[in-house]
Amino acid sequence: MELAAAKLKFIEAWGKLGSEWGINRTMAQVHALLLISPEALTTEEIMEQLSISRGNANMTLRDLIGWGLIEKQHKAGERKEYFFADKDVWNIARQVAKERKKRELDPVLKILNELSTVNGDEKDPEFITFKKSIKDINKLAGNVDKTLETMLKAEESWFWSSVLKVFK
């Protein structure tokens, strides 16, 4: 396989993977392109290489910056903005986990905490079932939250050695 074909295949595959991570396909494809580019790219270069519109490129770049997955650079003497992605996959995984936690898990935990204070008849089977379900889901979500917090603070080697100990 030639490099050009391999790059296209990677960009397409990263786009599919990104949608599994909660990032839209185009956003993941732009990230993939920046990930495999040795130099920072301009909006125009991104548009050309991925055949996307300026509006789509600008919105996607803004979202990627918001997710903390890319950064904007300026080169001395140039008006164009350049974009680059961190190439460290551990940093990428932690950043995606951090954003998904903030966007998905934190709001669920807030709701579950509210729901755990519901009042009712302790003898009513519906109330008992509801209360137990909320308590169990809250406990699971709390454990996921603690695991993610550990991952976000951990160094890669420590995290993986700890995970592997669990499976031994």
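Which helix is the place of Thr43 in? I began my entries with this residue, and I found Thr43 in helix 3, where helices (H or I, at least four residues) and strands (E, at least two) are DSSP runs, numbered from the N terminus.

**Ground rules**

I noted that this is a predicted model, in which local features need pLDDT of at least 70 and side-chain atom pairs count only at pLDDT 80 or more, while totals for chains, interfaces and linings use all residues. Residues are numbered from 1 along each chain as its sequence is written, and side-chain values use heavy atoms, with hydrogens and water left out.

**Thr43**

I looked up the accessibility of Thr43 and read 7% relative accessibility, so Thr43 counts as buried; buried means under 20% relative accessible area, exposed over 50%, and partly exposed in between, with a 1.4 Å probe and protein chains only. I then listed its contacts, leaving aside neighbours within four places in sequence, and found Arg54, Ala57, Asn58, Leu61, Glu81 and Phe83, contact meaning heavy atoms within 4.5 Å.

**Helix 3 against helix 4**

I next turned to the packing of helices. Two packed helices are described by the angle between their axes and the distance between the axes. Here axes are lines fitted to C-alpha atoms, for helices over the stretch in contact, and angles run from 0 to 180 degrees between N-to-C directions. For helix 3 and helix 4 I noted an angle of about 115 degrees, with the axes 10 Å apart. Their crossing is right-handed; a crossing is left-handed if the near helix is turned anticlockwise from the far one by less than a right angle, and right-handed if clockwise. Thr43, Glu44, Ile46 and Met47 of helix 3 make this contact with Arg54, Ala57, Asn58 and Leu61 of helix 4. Sorted by class, the contact holds four nonpolar, two polar and two charged residues, where Ala, Val, Leu, Ile, Met, Phe, Trp, Tyr, Cys and Pro count as nonpolar, Asp, Glu, Lys and Arg as charged, and the others, Gly among them, as polar.

I also looked at the loop between helix 3 and helix 4, where Ser51 is found. Phi of Ser51 is near 55 degrees, a positive value in a residue other than glycine. Most residues other than glycine have a negative phi. I recorded Ser51 as exposed, with a relative accessible area of 66%.

Helix 2 passes helix 3 in a right-handed crossing. From helix 2 the contact draws on Gln29, Val30, Leu33 and Leu34, and from helix 3 on Ile46, Gln49 and Leu50.

For helix 2 and helix 4 (residues 54–66), I read axes that come within 9 Å and cross at roughly 75 degrees. These two helices are therefore roughly perpendicular to each other. Thr26, Met27, Val30, His31 and Leu34 of helix 2 meet Asn56, Thr60, Leu61, Asp63 and Leu64 of helix 4. By class, this contact has five nonpolar, four polar and one charged residues.

**The annotated span**

In the UniProt record I found the feature "domain: HTH marR-type" (unreviewed entry) at residues 22–77; its positions are given in the numbering used here, feature names are shortened, and annotations may be inferred rather than shown by experiment. I noted that the end C-alpha atoms of residues 22–77 lie 37 Å apart, and that the span is 59% helix and 12% strand.

Leaving aside neighbours within four places in sequence, Asn138 is in contact with Leu109, Leu112, Asn113 and Ser116.

Leu152 is also found in helix 6 (residues 125–153), and I recorded Leu152 as partly exposed, with a relative accessible area of 21%. Not counting residues up to four places away in sequence, Leu152 touches Arg94, Ala97, Lys98 and Lys101.

Lastly, I checked Leu8 in helix 1 (residues 3–20), which counts as exposed at 56% relative accessibility.

How values were computed
Angles under 35 degrees count as roughly parallel, over 145 as roughly antiparallel, 65 to 115 as roughly perpendicular and the rest as oblique.
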